[in-house]
Amino acid sequence: MSFETEELLPIVAELADKYTGKESSSITYEKARQLMEAVLYCIHEYEDYPSERQELLLTDRKMVAKMIYGLGYEKVLRNVKETQVLYNKIIPDFKYYENRCYYDTFVKGIPSFFLYYDPRFQPQNHILTLDYPVLHPIYSLRGIDAISAFVKCISLEQVFLRKLPDEYILHVLRAYSPDHGELIINLTAIVLRNVLGCRMAGKRINTQGYTPGELGRLIDYVNRNDSAELKQDMEGLVDELVRSGYDGLEELGDYLKADLHDYCFELKNAVENQCLDSILAI
Amino acid sequence: MDNGKWLQTANDSLQIAKVKAANDYTKKFGLALTDEETALLIRERKDALKEQERVEFGEGILPKLIFAFCDSPYIYQDNYVDSLGRLQDMFYLYKNESLDEITDDELIEFMKDQFDGPCQGSLDHLEDTGLEAFARRVRLGLDLYEEEDDEF
């Protein structure tokens with residue numbers, strides 16, 4: 001449902017009153033824009049979740065807009081609460097594998113978000129830059145939607161990483177770069193690439209490198225397929241991995257597959273240029 | 001949505017009604033606004049808001065200014081409209097200059113104190129000295145009525 005500006009103005013006026021505590025009759029354009037964005041954000045929140053939509057029987061469109069804004073605002077609050085619950089579930093066992101960006105973003109950043117997030121007057125502002133690059137693109141999201149998506153991604157990453165020995169994860173990260181602790185990189189993608197590399201080479205997942213035979217098998221595997229076929233094969237490998245190691249957790253499978261497109265191209269390129277060590281712990 | 005027009009909202013009829021209603025009170029001070037004068041002040045309000053890039057919802061600041069200044073010994077029927085227009089412009093300007101850190105009532109109270117006191121009814125003096133220093137103190141987070149140290 002789209003509303004005319006005039007239909008939203010009473011809500012903005014009400015918010016402005018709350019913002020100034022009725023002690024100022026006027027606000028700056030900048031603040032008015034911020035409040036209008038807050039109203040639109042809450043309305044979109046309501047509209048983005050069709051399952052939670054209610055039939056509104058009001059005929060006055062201003063009342064409808066106000067009611068939808070109210071429902072959207074409640075949705076924002078619920079979303080914050082749910083994200084907080086998920087965050088609290090992850091944090092006791094959270095491992096950051098020596099990566100400072102991962103630690104700072106998740107352990108230091110997210111609590112600050114919960115501390116300073118303003119769902120009433122600026123729900124569209126998620127405050128953080130979310131530097132740790134998760135595999136699902138969240139750059140188009142704003143406010144609690146972005147934070148919620150980010151925390152869900154981290155939750156899936158932790159599920160994936162926790163099943164693997166710490167020594168193995170640190171081994172592949174060190175092989176990726178001796179400065180892995182200081183880089184802004186996605187740890188899950190690096191580990192997944194190595195796990196899939198092992199599967200393609202028919203070797204066990206361990207901290208020992210590849211034998212010449214295993215390396216040859218890997219190169220053959222890559223050369224046999226073009227990028228599209230390779231991606232399809234790898235999706236199968238991810239499905240198999242998730243089925244066998246993660247109780248078929250579909251969300252995790254989808255999340256891991258987000259990296260396969262890039263991986264296939266990089267792998268083909270690495271084989272062609274004989275620089276497999278740039279993506280795998282050879 | 002963001003073509004900016006909505007930021008210049010106006011509820012002229014409400015504004016006019018409120019300003020006209022103030023005449024009942026200001027009559028005892030020998031002050032009153034005609035319909036044309038009221039309309040002129042409302043137009044000036046719109047221009048001032050646009051110039052200062054502010055949005056005003058509700059009844060606006062004019063009735064408050066009228067009630068605050070109508071008993072000033074320096075305001076009389078002949079300069080009433082002009083004074084209100086200037087005071088209105090100054091009000092929005094110094095709301096911005098003080099970074100919205102003070103409430104409407106605080107600003108009006110200060111304007112009235114200065115206007116009737118040190119400025120002796122001079123709007124130029126009020127704008128260029130009293131309010132200027134006041135806004136600076138607000139921005140620096142100092143006590144609103146505290147004298148600044150003179151560095152000369």
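What you have on screen is a predicted model, so please hear each value as computed from predicted coordinates.

Let me begin with chain A. Chain A has 11 helices and 1 strand. Reading from the N terminus, the order is α-β-α-α-α-α-α-α-α-α-α-α. The radius of gyration of chain A is 24 Å, whereas the globule rule gives 19 Å for 282 residues, so chain A is more spread out than a compact globule. Along the principal axes, the C-alpha trace of chain A spans about 75 × 35 × 35 Å.

Next, the interface. How many residues of chain A are in contact with chain B? There are 12 in chain A, and they are in contact with 19 residues of chain B. On the chain A side, α1 (5-20), β1 (26-28) and α2 (29-47) each supply at least two of the residues that touch chain B. The largest share, 4 residues, comes from α1(A). By class, that side of chain A has 6 nonpolar, 5 polar and 1 charged residues.

There is also strand pairing between the chains. β1(A) pairs with β1 of chain B, residues 54-56, in the antiparallel sense over 3 bridges.

The crossing of α5(A) and α7(A) is left-handed. From α5(A), the contact uses Glu157(A), Phe160(A) and Leu161(A), and from α7(A) it uses Leu187(A), Thr188(A) and Val191(A). Those residues divide into 4 nonpolar, 1 polar and 1 charged.

The second pair is in chain B: α6, residues 104-116, and α7, residues 123-140. Their axes come within 11 Å and cross at roughly 135°. On α6(B), the contact is made by Phe110(B), Met111(B), Gln114(B) and Phe115(B), and on α7(B) by Leu126(B), Gly130(B), Leu131(B) and Phe134(B). By class, this contact has 6 nonpolar, 2 polar and no charged residues.

That is what I have; questions are welcome.

Definitions and conventions
Residues are numbered from 1 along each chain as its sequence is written. Chains are lettered from A and ligands numbered from 1 in the order in which they are written. This is a predicted model: local features need pLDDT of at least 70, side-chain atom pairs count only at pLDDT 80 or more; totals for chains, interfaces and linings use all residues. Two residues are in contact if their C-beta atoms, placed from the backbone, lie within 7 Å. Ala, Val, Leu, Ile, Met, Phe, Trp, Tyr, Cys and Pro count as nonpolar, Asp, Glu, Lys and Arg as charged, and the others, Gly among them, as polar. Two strands pair if DSSP finds at least two bridges between them. Axes are lines fitted to C-alpha atoms, for helices over the stretch in contact, and angles run from 0 to 180 degrees between N-to-C directions. The radius of gyration is taken over C-alpha atoms; the globule rule is 2.2 Å times the number of residues to the power 0.38. A crossing is left-handed if the near helix is turned anticlockwise from the far one by less than a right angle, and right-handed if clockwise.
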